[in-house]
Amino acid sequence: MKQFVVGFIALFSMFNAHSASTHYGIASVGFSDFEFTNVENSGLAYSVAFGRQIHRQWYAEVGYLNLTNDSEDDTELSGDALYLAVLGKAKSEYGELFYKLGIANADIASTRYCGNSALSGDACSFDEGVVAGIAGLGFDYYIGLKSMVRLEYIYLGGEDDLSTHLVSLGFRYNF
């Protein structure tokens with residue numbers, strides 16, 4: 001336990017020693033094409049994230065992705081994911097081109113009412129936790145000293161044939 005505490009303090013000091021380190025927050029809205037097992041859905045999606053520059057060319061980011069949210073007469077479907085990612089970046093005078101690689105824990109839930117008359121009124125449902133990988137590509141366009149507009153594509157794929165393509169437009173603020 002003592003080694004863990006010493007290691008954590010050393011790691012924390014190393015990240016804080018980087019004088020050019022910046023923190024940022026992002027809020028995005030976009031379109032998601034979602035597939036899981038035998039369920040498919042497309043529609044509006046959103047995300048929020050918090051990141052930190054850990055090196056002049058690298059960011060670490062933690063965030064939340066809303067993958068799908070659909071409610072019809074007899075079916076409700078929701079999919080959310082928490083993720084941790086590393087972003088590699090290349091700066092230009094207009095902004096930053098980046099790629100994103102990470103891991104996510106997705107929670108997919110569905111409730112539908114069975115059509116069988118013997119089961120009438122009973123709910124047929126599932127609630128699955130799925131581990132997934134994330135790969136993305138995007139561009140943060142400078143609009144001010146601390147603000148940027150983010151255009152991003154993310155692919156999230158994992159267990160049980162989870163596959164999501166997400167294209168989003170967001171706002172990034174550095175603090």
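This briefing walks through the fold, the salt bridges and the surface patches of the protein above.

The model is predicted, so local features need pLDDT of at least 70 and side-chain atom pairs count only at pLDDT 80 or more, while totals for chains, interfaces and linings use all residues. Residues are numbered from 1 along each chain as its sequence is written, and side-chain values use heavy atoms, with hydrogens and water left out.

**Overall build**
- The protein has 1 helix and 8 strands; helices (H or I, at least four residues) and strands (E, at least two) are DSSP runs, numbered from the N terminus.
- Starting at the N terminus, the order is α-β-β-β-β-β-β-β-β.
- Of the 175 residues, 35% are buried; buried means under 20% relative accessible area, exposed over 50%, and partly exposed in between (1.4 Å probe, protein chains only).

**A buried serine**
- Ser-28 lies in strand E1 (residues 23–36) and is buried, with a relative accessible area of 5%.
- Leaving out residues up to four places away in sequence, Ser-28 touches Ala-45, Tyr-46, Ser-47, Ser-168, Leu-169 and Gly-170; contact means heavy atoms within 4.5 Å.

**Salt bridges**
- A salt bridge is a side-chain nitrogen of Lys or Arg within 4 Å of a carboxyl oxygen of Asp or Glu, and by this rule there are 7.
- Lys-100 pairs with Glu-61, their closest N and O atoms being 2.8 Å apart; Lys-100 is in strand E5 (residues 95–113) and Glu-61 in strand E3 (residues 58–71), so the pair ties together parts 39 residues apart in sequence.
- Lys-100 also meets Glu-152 in a salt bridge (2.8 Å, N to O), and both of these residues are buried.
- Glu-61, Lys-89, Glu-96, Lys-100, Asp-140, Arg-150, Glu-152 and Arg-172 are linked in a network of salt bridges.

**Surface patches**
- Patches are made of residues with over 30% relative accessible area and no salt bridge, joining like charges within 9 Å and nonpolar side chains (Val, Leu, Ile, Met, Phe, Trp, Tyr) within 5 Å.
- A nonpolar surface patch of about 1100 Å² includes Phe-50, Val-62 and Tyr-141.
- Tyr-141 sits in strand E6 and is partly exposed, with a relative accessible area of 41%.
- Strand E6 (123–142) and E8 each supply at least two residues of the nonpolar patch.

Technical notes: Areas by Shrake-Rupley, 256 points an atom, 1.4 Å probe, with all protein chains shown as cover.
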